[in-house]
Every structure is written in structure tokens, then in C-alpha cells.
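Subject: Structure handover

Hello,

Here is the structure I said I would pass on. My notes on it follow below.

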Amino acid sequence: MTGALSHLRVCDLGGQLAGAGATKILAAFGAQVIRVEDPVTRGMWDALRGVGPFVDDRRGVNLGAGFNNHNVGKLGVTINLRLEAGKQLLRELVGVSDIVCENFAAGVMAKMGFGYEQLCLIKPDVIYVSNCGFGHTGPYRDFKTWGPIVQALSGLTFTAGLPDHEPAGWGFSYMDHVAAYYMTTAILAAVHHRERTGEGQHIDLATVPGGIAMLPTEVLDWTVNNRVARPRGNRSDYDEMAPHGIYPCVDEDSWIAIACRDDREVALLSKVLEEPELAAERFATLERRLPAADELDELITACTRTREAASLAGELVTAGVPASVVKSPRERIDYDPDVATWGLFPTVAHPEIGAVRVEGLPLRMSATPWSIDRAAPCLGEHNREVLGGMLGRSDVELDELTKQGVI
């Protein structure tokens, strides 16, 4: 293997998006990621394994598209950690791994006998990553979280929505993705430290503080001005621009985003929309536009409703007004030449799902590019390859372990 991380082996006990998303990135750069799952619950300690979206009417633990998307490039084994024989297999796997990742609730791994101290007895320089809502210390360490709960606790949810309405949230798993990015960064830093010093470490990642870190202006506004940031819909957060919003176009469910940074751009918008009222004295400056923002939006909406989104966006951009079509998944994935050039949706061949597109990585590296060419593992797909070929268990032993419910 020639990937930038092909010298690393990861024992991955993570799941859902927060854990699996990080190890997907490592795998794309060549790391050998071994996904450990539970044979008793048929892999369902990861809620994504058997849930949609699906490509057809078939259902099952190997058919969840979300699981496939976030576990491409990995090997998959099943180990029953309720049994001592299963724990022994995990000890052996840890012993030949560089990194152990998990995103259980705080304390779960320690209760199973695989906390950081126990892992160090197996492999002294191990890099152990735990990823949960509040980390492994503090008064909230036992609090259980999912993506929407993290977003609510961190304050993100409070800032999202329409004025004078309840908070709308940030989508189901926004913070799971962000936690995965933090986790990837932390792992690479820990690997660099170990390569310099020979020392492993415990990375205790807390996703709620990660969400708080995404609210710097709101925190600053409260700290300095004792002012609470309220949901503003599509309006600019701190009255930097007007107009600044999403406007309907002529086709059903088609929209355009427009943001004017200064008076000049408002004048250009007026010309493209052929609406001289936008250049009237009452809209001449930002100070005048802000209190008339509702009226301004109504005027723009009356114009955009008669126009086709893509052609209008093209005219505005050509004129120098920041604008964009609000693209649907079909438009973005199937018909965007930039996405095609970047190769952001590679196709993998899954043994049960079939040929299906997955998410790539939005970056290019000239010397060590990422590669995604293998689908997520079916449940226990690589038991013999990993537990046999890597850990040295014979076919007879593996057959017996299967009968005993160990794998």
C-alpha cells in the first residue's frame, strides 16, 4: 500500500457517524481499519447498519446505505465481548494495532476491561480515542447524547430557525460529522507525537464543547454585550447585509440565494431584476434597508418568482452580485461539473447492495491522494482474513469460535 497512512492499523469499535466518519478518512488515506462489531445483536450496536436509505425493497443488516457510506474501505470482524474468548481476541487485535477508536458512552470500554490503562498493558504505545458527548471527566460524563442532543446542549440549536419561532435545529447529525473531523485531527496529532517520542496517549474527545466552539461570535456577543443571539432565519447574523436571503423562483421548489454586501451590489441587483424600486432612496443605504428588510424581501421575491433559478443566478454573478441556486441533491450530485471533476462521489461494489455511490473527500493531495474503492464490510465478512490470517487462528479454531458464539 502507498497511502499516506498505510503504515497504520486501526482497531475500530466506533459506530454511527461520529466514530465511523473519522476512521473512514483514515482508511481513504491507506490506514488498515478493522471494524469490530457484535455478532449477538447482528452488528446493531451501530444503529446505521440496517436502516435506510435503501436502494430497493430489500432490508437487512448489510443493506443500510448510511453504514456503507461511512465504513467504506474497512475490514469487518465480529467479536462477542461478553465472553472471555472474545475479549482475548480483542486483546490480540489491540496488540497488533496502532490506534483503538470508540464512541461508546463514557466508561463502557473500561467496564468491558478495555479502558486506557488496560489497553496500555496490552500495547504500551497505543493511541486510544474515546468520543462521546461530554468526555470521560466532569459532572456530565454519564450523560448520554446523540447528534441532535449535542446540538441542543452546545447552543447550536438555539441559534437556528426563523424569528419568533421555536429553534429548528441543524439537521440530525451535524455534530456527528464535526466530531469525526475533530477526531481525525486529534489522531493525526497523536500519531505525529508518537513518531517523535514513542509515546501513545488517550484522546478524550467531547462533542458538546466541540459544538460550543462553533459559536465564537455568539459567545463573544454575550460576553461583551450581554446580548443573546436569536434565530434570524436567512438574514445576516449581525446586520452586515441586506438583502440577505433565499428567494423562490418560477419552477416548483426552486430557490436562489442572494447576498448584497454594499450599496453598489444592491444597485446591480436592481438592474438585473429590472426593478427600479430597489434603487429608490428608501433602500439607498444599509441603515435604511435594515428596518425595511421585510419590504425589501417582498419586492425581491415578486421579481424572482418569475425567473428561472439557474439563469438568474448566472446573470447576477456575471453582474457582480453574490448569488447561487439552492441546489437539490440531484442537481448537486448528478449535474454539477465541478463535483464530477473532483470525483466526490466514487462508486463502490458492495456484495449485497450492488454498485452504489458514496461520499468522497473534498480535497486533493498531489503526492498521496485518497482512494475509496472498497465497500463497507458485510457483518463478519473478514473474520477469517483478520482473525485467521492476521491473528493466526486456524480454520478449525474459527469454526469452533463461531459455534460457541464468540465470533
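The protein is divided into two parts: domain 1 covers 9-213 + 340-404, and domain 2 covers 243-248 + 255-325. Their centres, taken over C-alpha atoms, are 45 Å apart. Please keep in mind that this is a predicted model.

**Overall**

The C-alpha atoms fill a box of roughly 85 × 50 × 40 Å along the principal axes. There are 18 helices and eleven strands. Of the 407 residues, 47% count as buried. I also looked at contacts between residues at least 6 apart in sequence: 67% of these join residues at least 24 apart.

**The largest pocket**

How much space lies in the largest pocket? About 550 Å³. The lining has 27 residues, and the closest to the pocket centre are Gln16, Asn103, Phe104, Ala105 and Thr145. By type, the lining divides into 15 nonpolar, nine polar and three charged residues. Strand S5 (127-132), helix H6 (147-154) and H8 each supply at least two lining residues. H8 gives the largest share, with three residues.

Glutamine 16 sits in the loop between strand S1 (9-12) and helix H1 (20-28). Its phi is near 50°, a positive value in a residue other than glycine. Is glutamine 16 buried or exposed? The relative accessibility of glutamine 16 is 14%, under the 20% cut-off, so this residue counts as buried.

**Helix H8**

H8 runs over residues 174-197. At 1.5 Å a residue, its 24 residues should span 34 Å. The end C-alpha atoms are 35 Å apart, which agrees. The buried residues of H8 are Met175, Asp176, Val178, Ala179, Ala180, Met183, Thr184, Ile187, Ala190, Val191 and Arg194. Just after H8 comes glycine 198, with a positive phi of about 80°.

Threonine 207 has 7% relative accessibility, so it counts as buried.

**Helix H17**

H17 spans residues 383-390, and its buried residues are Asn383, Val386, Leu387 and Gly388. What covers them? The cover includes strand S2 (32-37), strand S3 (75-78), helix H3 (84-95) and helix H18 (395-403). Just after H17, glycine 392 takes a positive phi of about 85°.

**Phenylalanine 345**

This residue is in the loop between helix H16 (337-342) and strand S10 (347-350). Phenylalanine 345 has a relative accessible area of 27%. That value falls between the 20% and 50% cut-offs, so phenylalanine 345 is partly exposed. Beyond its neighbours within four places in sequence, phenylalanine 345 is in contact with Ile333, Val339, Arg357, Val358 and Glu359. Isoleucine 372 is 27 residues away along the chain, and the C-alpha atoms of phenylalanine 345 and isoleucine 372 are separated by 9.6 Å.

- The peptide bond from glycine 52 to proline 53 is cis, with omega near 10°. Proline 53 is in the loop between S2 and helix H2 (65-70).
- The peptide bond from alanine 242 to proline 243 is also cis, with omega near 5°. Proline 243 is in the loop between helix H10 (216-225) and strand S7 (244-248).
- Glutamate 274 has phi near 55°, a positive value in a residue other than glycine. Its place is the loop between helix H11 (263-273) and helix H12 (286-289). With a relative accessible area of 68%, over the 50% cut-off, glutamate 274 is exposed.

Best wishes

How values were computed
Residues are numbered from 1 along each chain as its sequence is written. This is a predicted model: local features need pLDDT of at least 70, side-chain atom pairs count only at pLDDT 80 or more; totals for chains, interfaces and linings use all residues. Side-chain values use heavy atoms; hydrogens and water are left out. Helices (H or I, at least four residues) and strands (E, at least two) are DSSP runs, numbered from the N terminus. The expected span of a helix is 1.5 Å times one less than its number of residues. Buried means under 20% relative accessible area, exposed over 50%, partly exposed in between (1.4 Å probe, protein chains only). On a 1 Å grid over the protein atoms alone, a cavity is a set of points where a 1.4 Å probe fits but cannot get out, and a pocket is an open set with protein on both sides within 12 Å along at least five of seven lines; lining residues have an atom within 4 Å of a point. Grid points are joined across faces, edges and corners, and a volume is the space filled by probe spheres set on the points. Ala, Val, Leu, Ile, Met, Phe, Trp, Tyr, Cys and Pro count as nonpolar, Asp, Glu, Lys and Arg as charged, and the others, Gly among them, as polar. Contact means heavy atoms within 4.5 Å. Domain bounds come from an automatic or database domain assignment.
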